[in-house]
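Please open the model in your viewer and keep the selection panel at hand. The stops below are to be taken in order.

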Amino acid sequence: MKLLALTAFAAVVAAHGDHEHDQTPIEGPLNGLWYNSLPGDGGTQADSVFSGISTFGRLQYHPCLASDKYQYDIAFIGAPFDTGTSYRPGARFGPSGIRQGSRRLNLYGGYNVPLDANPFNSWAKVIDCGDIPVTSYDNAFALQQIEEGHNAILSRAPFTNAAAPGPSKKGKTLPRVITLGGDHTITLPLLRSINREYGPVSVIHFDSHLDTWKPKVFGGAPSHQASINHGTYFFHASQEGLLANDSNIHAGIRTTLSGPSDYENDGYCGFEIVEAREIDTIGTEGIIKKIRERVGTTKPVYLSIDIDTLDPAFAPATGTPETGGWSTRELRTIVRGLEGVNLIAADIVEVAPAYDTNAELTTMAAADVLYEVMTLMVKRGPLSVKEYEKKETMELKA
């Protein structure tokens, strides 16, 4: 009798919902109690974000490394590695922490008001591929795992425009990959993977630290493997020819140095520097202008974001915190200012949830910054030559 009563009640609720909103409810047992069709774009139900398995922004999960048949346009992948850090360990828990901090991104449907786009509801198929299996006992092998895992995700045909010509070495259109770190050492194997498909790329690097230090300055380099860490990976990337010459830029720098020669070495690695304190004189617009002038809008660009770009007041849970950083609002504004830049891949690193507050400030900040990055990628369109040309022609006419 109770079941009959519930069924009758469900029918009344469903009928009332159809009458008011003229939408078809999602099919399911007792759908009037468990699922409702609500007003709003896409009929998204804005509740229960605290339930279910954590994926980035509650995206569909697929273990992409288990099968090379699955296609997507943008994939999130975790790289839980932190044995290249020099101060606080714990970023191996970054991928799971960032996913936890992203649960509310799709609360009302995911529409990005400042960028006037919805990255969760667009032409792009966006999924969470889970994590790359990474050992914590052998750094050399771990970096190889990250490179090969990332390349397996990056090098397959995308869901959209798979047959269209693209800017990769083989002339193909590829998907975009956003990596959840992990300490910043992971950017070296990620750039190696990118290089295999695109060749040398320009890099936008948000960080409080240069990360181009020579190994003898940073850590002393008692062995080759010890010389590769989260303060030297860009030095190695430069030596390996992974960076496009004179089109790379740091933003948010404010650390102490071993001396002025650190800046000289940074220039040899092909970087320009925007200091964090410059926001007080040129503002966010001036910083955006510097970045855009440096990397342009046509050539492939890799975006690497260290969460310590933010001041510890906004992101305390990081491996090497530095005071005097930007606010979450300022960083999101600057990232949004990169609209039109040809971002082919990105990472966010150094999120160490163990040092966060119970309010999950850092993991939410990391997730929100990636939400902006994902929106930029969606607005740019598929990574195909045809789409580039169309976009550039429209911009010239405007």
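Begin by selecting Thr-179, which stands opposite Asp-347 in strand 8. The model is predicted, so local features are given only at pLDDT of at least 70 and side-chain atom pairs only at pLDDT 80 or more, while totals for chains, interfaces and linings use all residues. Residues are numbered from 1 along each chain as its sequence is written, and side-chain values use heavy atoms, leaving out hydrogens and water.

Next, select residues 176-181 and 343-349, which are strand 3 and strand 8; the two pair in the parallel sense over 4 bridges. Strands here are DSSP runs of E with at least two residues, helices are runs of H or I with at least four, and both are numbered from the N terminus. Two strands pair if DSSP finds at least two bridges between them.

Return to the end of strand 3 and select Gly-181 and Gly-182. The peptide bond from Gly-181 to Gly-182 is cis, with omega near 15°. Gly-182 lies in the loop between strand 3 and helix 5 (187-198).

Now go to Glu-350, in the loop between strand 8 and helix 10 (361-380). Glu-350 has a positive phi of about 65° although it is not a glycine. Is Glu-350 buried or exposed? At 3% relative accessibility, Glu-350 counts as buried (buried is under 20% relative accessible area, exposed over 50% and partly exposed in between, with a 1.4 Å probe and protein chains only).

A positive phi, of about 50°, is also found at Ala-221, which is not a glycine. Select Ala-221 in the loop between strand 4 (202-206) and helix 6 (233-239); at 26% relative accessibility, Ala-221 counts as partly exposed.

The last stop is Glu-278, in the loop between strand 6 (271-275) and helix 8 (279-295). Glu-278 is buried, with a relative accessible area of 15%.
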